Amino acid sequence: MWRLFFALTLACLAPSLAAAGTWYVLPDGSGDAPTIQAAIDSASAGDVVELANGTFSGEGNRDIDFLGKAITVRSESGDPDSCVIDCEGAAGGFIFDSGESAAAVLEAVTVTNGFTAYGGAVYCSYACPRIRACIFDHNQATGQGGAIYINGTDPLVEDCLIINNRASAGGGGYCFNPHSPTLSGCLIEGNIAGNGGGGVACVGNAAPEITDCLIINNSLEYSSEQSVRIPRHPGHRFHGMPATDSTPSRPPIPRQVGHPFHGMPAT
């Protein structure tokens with residue numbers, strides 16, 4: 001009897017195991033799909049869209065929508081410096097707005113030259129993806145979130161470099177509505193906002209968990225407010241802390257080999 005049960009279990013698992021696969025995409029349009037978006041369109045839950053080293057640009061390689069799928073998009077090398085999504089100032093980078101869960105993963109890519117109204121590199125609304133080991137550099141939003149716009153949701157952003165981005169508010173990132181996104185192990189530096197949160201802006205009772213992050217050298221163009229706009233409502237972990245130009249208490253820089261901050265001076 002147990003042999004029959006084991007056989008039936010394997011038979012039930014086989015379709016799901018067979019469905020998982022890897023879609024390999026190259027910048028020149030060769031590989032298993034001509035663009036990143038085309039690979040996502042064809043992918044099923046559990047699949048991996050793996051990107052070769054090089055620079056991806058053009059239609060299908062910007063405004064890349066995860067479409068609510070539980071998939072991973074990552075660089076083949078694991079080195080974000082070597083795998084670049086260049087939006088060429090024509091659109092944003094990635095879109096998560098179809099209820100994506102933590103099973104939707106973006107990993108080890110660079111997004112640059114994004115230009116859109118909200119979230120130059122990443123637009124995340126009512127979705128909870130995991131974004132890790134990415135670089136968001138020189139992106140711009142005419143509204144909020146030069147690099148990342150988060151609305152009403154709890155994504156995890158970890159070990160990312162968020163640098164040299166620009167927006168009207170939240171030059172590096174913008175969190176809106178009462179949820180608790182997590183930023184961990186990130187460097188947020190050199191971002192500019194017009195009038196609120198050069199590094200990060202958190203409004204509408206947003207209550208982010210920010211740990212082991214370094215938020216420095218961000219600036220405002222038209223306001224004397226702080227570079228990190230800290231919510232003031234009771235119960236927020238930063239409530240009552242002074243508004244400073246950096247994190248309320250600068251965390252230690254992680255020292256493990258492989259971390260983006262490894263080897264940086266502890267200043």
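Phe-66 is buried, with a relative accessible area of 0%, in a model that is predicted. The protein chain has 267 residues, of which 49% are buried, and it is built from two helices and 27 strands. Among contacts between residues at least 6 apart in sequence, 81% join residues at least 24 apart. The accessible surface of the chain comes to about 11300 Å², and carbon and sulfur atoms account for 55% of that area.

**Aromatic pairs**

- The structure holds six aromatic pairs, one of which is formed by Phe-66 and Phe-96 in a tilted arrangement, with 4.5 Å from centre to centre and 40 degrees between the planes.
- Because Phe-66 lies in the loop between β4 (64–65) and β5 (72–75) while Phe-96 belongs to strand β7 (residues 94–96), this pair ties together parts that are 30 residues apart in sequence.
- Phe-96 is buried, with a relative accessible area of 0%.
- Tyr-118 and Tyr-149 form another tilted aromatic pair, for which the centres are 5.2 Å apart and the planes stand at 50 degrees.
- Tyr-118 is placed in the loop between β10 (115–116) and β11 (122–125), and Tyr-149 in strand β15 (residues 148–151), so the pair ties together parts that are 31 residues apart in sequence.
- At 39% relative accessibility Tyr-118 counts as partly exposed, whereas Tyr-149, at 8%, counts as buried.
- Tyr-118 and Tyr-149 also belong to one aromatic cluster that includes Tyr-123, Tyr-174 and Phe-176.

**The eight-stranded sheet**

- Eight strands form an open sheet with parallel pairing, and their order is β1-β2-β5-β8-β12-β16-β20-β24.
- The edges of this sheet are β1 (22–25) and β24 (209–211); each has a single partner strand, so one side of each is left without a neighbour in the sheet.
- Within the order given, strand β16 (residues 156–158) runs parallel to strand β20 (residues 182–184) and is joined to it by three bridges; Glu-158 has Ser-184 in β20 as its bridge partner.

**The seven-stranded sheet**

- An open sheet of seven strands, again with parallel pairing, has the order β3-β6-β9-β13-β17-β21-β25.
- Its edge strands are β3 (54–56) and β25 (214–216), each of which pairs on one side only, and the twist in this sheet averages 15 degrees from one strand to the next.
- Strands β6 (residues 83–86) and β9 (residues 110–112) run parallel and are joined by three bridges, with Val-84 standing opposite Thr-110 in β9.

**Asn-165 and Ala-167**

- Asn-165 sits in the loop between β17 (161–163) and β18 (166–167), and Asn-165 is buried, with a relative accessible area of 1%.
- Leaving aside residues up to four places away in sequence, Asn-165 touches Phe-136, Asp-137, His-138, Asn-139, Gly-146, Ala-147, Gly-171, Gly-190, Asn-191 and Ile-192.
- Ala-167 is found in strand β18 and is likewise buried, with a relative accessible area of 6%.
- With residues up to four places away in sequence again left out, the contacts of Ala-167 are Ala-141, Gly-143, Gln-144, Gly-145, Gly-146, Ile-192, Ala-193 and Gly-194.
- Ala-167 and Asn-139 are 28 residues apart in sequence, and their C-alpha atoms are 8.7 Å apart in space.

Key
Residues numbered from 1 in each chain as written. Predicted model: local features only at pLDDT ≥ 70, side-chain atom pairs only at ≥ 80, totals over all residues. Heavy atoms only, no water. Pairing = 2+ DSSP bridges. Helix = DSSP H or I, 4+ residues; strand = E, 2+ residues; numbered from the N terminus. Axes fitted to C-alpha atoms, helices over the stretch in contact; angles between N-to-C directions. Buried < 20%, exposed > 50% of the residue type's maximum accessible area, 1.4 Å probe, protein only. Contact = heavy atoms within 4.5 Å. Areas by Shrake-Rupley, 256 points an atom, 1.4 Å probe, with all protein chains shown as cover. Phe/Tyr/Trp six-rings, centres within 6.5 Å; stacked < 30°, edge-to-face > 60°.
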